[in-house]
Amino acid sequence: MAREIVKNLKFKKSPGKFDPDKFADQLNEAYLNLKRPDGFMQKKTFSPSTVGYGYGNCPRYWYMAFNGAEFKDDNDAQAVANMQYGTEAHARLQKLISTFPEYRAEEVEILNEYPPIRGFADLVMDYGVNVIGEIKTAKQEVWDQRHVTMSSSPNHMLQLLMYMHIKEFDEGFFIYENKNTQEILVIPVYMTERNKGIIKNLFLWLQEVYDNYKDGGLPMRPFIKTSSSCKYCPLKKSCWAKTADLGNVQIEAYEVPQV
């Protein structure tokens with residue numbers, strides 16, 4: 001069920017010409033208009049921001065995406081608003097950090113040939129060695145968890161480690177901004193032996209999935225329809241259609257390691 005972006009519409013009938021219910025509907029629709037249009041799309045590369053979370057762990061999703069499929073964005077207005085906030089926070093912090101003497105670049109394109117990967121790192125800094133930084137925003141309870149553990153979420157860690165591995169950087173960091181207070185956490189990340197092992201296993205899975213797309217058949221569904229991994233998948237409608245092929249290839253979903 002879609003969440004309403006305006007939460008306080010419990011008015012009695014408004015005596016004036018301003019209609020708060022109509023205005024709320026307009027806000028909701030305006031946010032929904034910011035979504036990427038639904039339609040056919042064909043992926044060419046794995047996205048580091050998608051791998052490691054929800055449908056990004058599904059071999060069937062990537063097979064269908066690489067072959068081309070009808071994508072449908074089921075995000076509601078509140079989800080779109082959250083993404084907009086994150087985009088604006090990125091731009092604000094990138095502009096601020098660009099004044100540092102150690103600043104080198106932002107939105108650096110990261111490319112890998114095999115498995116094919118394309119992403120954009122938020123920051124590159126020079127502290128005697130090149131360091132990649134990723135900017136994230138978090139609501140209070142998530143930020144508190146990051147503060148206590150001084151670690152990122154697993155999917156964010158995979159994204160940064162992929163960038164570090166492809167660019168051959170040994171150091172990176174996260175900036176987590178609290179959406180409520182604008183407080184900031186800085187969490188350093190190093191390419192330890194454990195992290196090298198995580199990336200090695202991830203790339204082996206990505207290679208298996210990509211090789212199957214090139215030479216194999218449709219993977220079977222690794223999740224049930226009501227799973228959280230399927231809930232916001234843009235290919236859910238196509239994947240779970242009554243006429244959809246069940247698949248004939250067994251590839252396990254990627255199991256995200258704890259960080």
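1. Let's start with α1 and α3. The axes of helix α1 (residues 20-32) and helix α3 (residues 77-97) come within 8 Å and cross at roughly 60 degrees, which makes α1 oblique to α3. Angles under 35 degrees count as roughly parallel, over 145 as roughly antiparallel, 65 to 115 as roughly perpendicular and the rest as oblique. Helices here are DSSP runs (H or I) of at least four residues, numbered from the N terminus.

2. A note on the basis: this is a predicted model, where local features need pLDDT of at least 70 and side-chain atom pairs count only at pLDDT 80 or more, while totals for chains, interfaces and linings use all residues. Residues are numbered from 1 along each chain as its sequence is written, and side-chain values use heavy atoms, without hydrogens and water.

3. On to the rings. The structure holds 13 aromatic pairs (ring centres of Phe, Tyr or Trp, the last by its six-membered ring, within 6.5 Å; planes under 30 degrees apart are stacked, over 60 edge-to-face, the rest tilted). F66 and Y210 pair edge-to-face, at 5.4 Å centre to centre and 80 degrees between the planes. Because F66 sits in helix α2 (residues 59-67) and Y210 in helix α6 (residues 193-215), this pair ties together parts 144 residues apart in sequence. Both F66 and Y210 are buried (under 20% relative accessible area, 1.4 Å probe, protein chains only; exposed is over 50%, partly exposed in between).

4. A further pair worth a look: W205 and Y254 have ring centres 5.5 Å apart and planes at 50 degrees, so the pair is tilted. W205 and Y254 are both buried.

Conventions. Axes fitted to C-alpha atoms, helices over the stretch in contact; angles between N-to-C directions. Helix = DSSP H or I, 4+ residues; strand = E, 2+ residues; numbered from the N terminus.
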